Structures are given as structure tokens and as C-alpha cells.
Amino acid sequence: MKQKLLDYLRCPACSGTIRLQVVNASEAAEIMAGELACDTCPQKFPILRGIPRFGAPETIAADKAATAENFGWQWQHFVQSDELYADQFLGWIAPVRPEFFQDKLVLEGGCGKGRHTELAAGWGAREVIGVDLSDAVETAFAATRDLPNAHIVQADIYQLPFARVFDYAFSVGVLHHLPDPRAGFRSLAAKVKAGGHLSAWVYGAENNEWITRFVDPVRTQFSSRIDRRALLHLSKLPTAFMYLATKLVYGPLNRSEVGARLAQRLFYNDYLNAISHFGWREQHTIVFDHLVAPTSHYIRREDFAQWWRDVKAEDVKISWHNRNSWRGFGRI
Ligand SMILES: C[S@@+](CC[C@H](N)C(=O)[O-])C[C@H]1O[C@@H](n2cnc3c(N)ncnc32)[C@H](O)[C@@H]1O
Ligand SMILES: [Zn+2]
């Protein structure tokens, strides 16, 4: 944990300011072990392996803990990086472009292995703070610790330990895994200062009926409950189908002028074309990610639009991404 993070931290219980009470170990700019304490109430929060910890496991409800446990495993296994992450991220947060990050104080809700925290830091954010509830923070910290403007915090998106100071907050692929996605969205929006901006990307209900009807029962009753190493191997089978389809059919067709017209008629074309650029490992990550999640909501456009109205966002732009998900951007 870098000392300057203290400027932004607030007690999740009482919003009091946070002080660095004990430092047990530091390495270069990072406080690796120690304790944070609230100035107002008796709450204390450990710093372990360089990360301030605000989500003590015993305080987390079982459904959230199960989600965090599975994703924690996932992001400690799939630690690879991919040069396509930047374009993929820009697709999720469109119309935001890299220049938008310049000098902004940025919060990421649910940073996973930290790939977007890292990009935001590289695109010139003044500071970017990636938050995740799961052990994924270990991977995220390792990926970003050398960046002077990146910070990783372990905390629950519902109880974010920050002041309302952010110029921009974003959340990609996280809210739909929460027991109450709308409440998670509100919690994130509540940390954006007036006039700041917010981006969110969620699974859509529209065009995903095949998932909710056929894949969801397998996910909820089987794949999210089995041993994760077993799922790692089992998920190679659907990955193989997807990989062959994208590499042999969707990718080549979409990249030829005549084929592209034909491809428009293929099942789930926009999405499968988008991921056809990825190699085996990334496609395996995507399949595993879908199957490991204990909770996934598929959100209708109208419901998503209501989230933005709830927080009184202005100039909201909601758009359909790959014809299977919703992305939104607005001013708070
Ligand atoms: C599908 S991953 C996406 C990670 C990252 N945004 C990315 O795109 O690489 C969902 C992430 O949400 C995190 N998450 C789930 N519930 C959370 C909660 N209540 N608070 C904070 N993070 C949470 C998980 O631990 C996981 O890392
Ligand atoms: Zn407090």
C-alpha cells in the first residue's frame, strides 16, 4: 500500500478518516504489512502482503463470499496478460477513450487481476484504485505494484472504504455477479463526485435467452459448485468448440467482405467474432469465467436505464455491445 492512498480512504463503517497505525514491513514505496485504524470509531483494518483489507471474510454474506472465492481462484490461475485487453476494455467503456483518464482520480469496482487498473494507470490517471473482494487482489497487486499511480484495495463494492472524491469510476463484468446489482451500482456511483463520470458494463437479458435457458441451470446446479480444478479441465471441452468455431468460421468469414454479410446470419455472430481474435488461453478464461460464477444476472435495457435514473445521472449513453450486453456512461 502506498502512503498516498490514505488521502482517499474512509472507514466503511462510519466514514471517519483512516490513519496508518502500525507499519510492520515496507518494500520500496509499498507498506507491505501493518494496520490501519479509523480516527472516529474502533475499527481496525490490516495491511497484508501490501494490500489494505477492508472485507474481513467473516463479515461477508455467504452468497457474496462464494462468488469472491470462485473468482479469487480464477484470477490467481488465469494471470496471463494479452495485448488485446486495451481494445476489449475500450469496447466495454465506450465512448470513453484513453485520453479521458488523463489526470483523473479513478476508481475501479471489481478489478479482478488488475488488467484494467494497469491500463488506466498507463493512460495517465492521476491515481487509480482497483477494488476487489476476492483473492484476485493478490494478482492485481503483483501486476500494478510498480506503477506509482496504481493502488489495490480488498473491499466489498457495497461498502467501499472511500470518500466521495472520484472523477471517474468504472465497473466491467462485476455488477451482474452481485446478489443485488442495482445496489452495487448505487454504491459505486456514490463515490463519484458531482460532475464526475461513471461507466458500467453488464450482461444483457436480450439475445441471451439461450444462456439463461440452457447454460444457467448447468452453472447454478453444477459448474459453480464443483472443484475448480475439475472445472478448469471440464471447461476445455466447450472452449474447444468455441475456439474451433471462432478460428475456422466466425473469424475468417467476418474478415472477408462477402463472408461478413453471411456471418450476420450466424448464431451469436457479433460476440463470437469479437472474441475470435483471442487465443486458446483467453477463450478458456472466458468460458471458465462464465461457468464458475455462482450468481449471474442478465439485465434488461430498461432495468439498466433505471439504474442511471436512480442515481440521477445526466447525459447518459447506453449502448448495446456485441449484441449481448449493455454498456453505460454518464455524468453524476
Ligand atoms: C468477471 S470478474 C471481472 C474482473 C475485472 N473487472 C475484469 O474484467 O478483468 C468479476 C470480479 O468481481 C469481483 N467481485 C464479486 N463480488 C464482489 C463484491 N461484492 N465486491 C467487490 N468485488 C466483487 C470478483 O471477485 C471478480 O474479480
Ligand atoms: Zn469508523
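**Zinc site, sheet and ligand shell**

Me: What makes E2 and strand E3 (residues 44-48) a pair?
Reply: Two strands pair if DSSP finds at least two bridges between them, and E2 and E3 share four bridges in the antiparallel sense, so they count as a pair. A strand (E) is here a DSSP run of at least two residues, a helix (H or I) one of at least four, and both are numbered from the N terminus. This is a predicted model, in which local features need pLDDT of at least 70 and side-chain atom pairs count only at pLDDT 80 or more, while totals for chains, interfaces and linings use all residues. Residues are numbered from 1 along each chain as its sequence is written, chains are lettered from A and ligands numbered from 1 in the order in which they are written, and side-chain values use heavy atoms, with hydrogens and water left out.

Me: Why are E1 and strand E4 (51-52) called edge strands?
Reply: The four strands form an open, antiparallel sheet in the order E1-E2-E3-E4, and E1 and E4 each pair on one side only.

Me: How do you know which residues are the protein donors of the zinc ion (ligand 2)?
Reply: Donors are N, O and S atoms within 2.8 Å of the metal (3.2 Å for Na, K and Ca), and sites may look incomplete because water is not among the atoms. The SG atoms of Cys 11, Cys 14, Cys 38 and Cys 41 lie 2.2 to 2.4 Å from the zinc ion.

Me: Why is the arrangement around the zinc ion (ligand 2) called tetrahedral?
Reply: Four donors count as tetrahedral if all angles lie between 85 and 135 degrees, and the angles here are 96 to 117°, which makes the arrangement tetrahedral. Cys 11 lies in the segment before strand E1 (18-27) and Cys 38 in strand E2 (residues 30-38), so the pair ties together parts 27 residues apart in sequence. Both Cys 11 and Cys 38 are buried, that is, under 20% relative accessible area (1.4 Å probe, protein chains only).

How values were computed
Tetrahedral: all angles 85-135°; square planar, octahedral: opposite > 155°, others 65-115°. Buried < 20%, exposed > 50% of the residue type's maximum accessible area, 1.4 Å probe, protein only.
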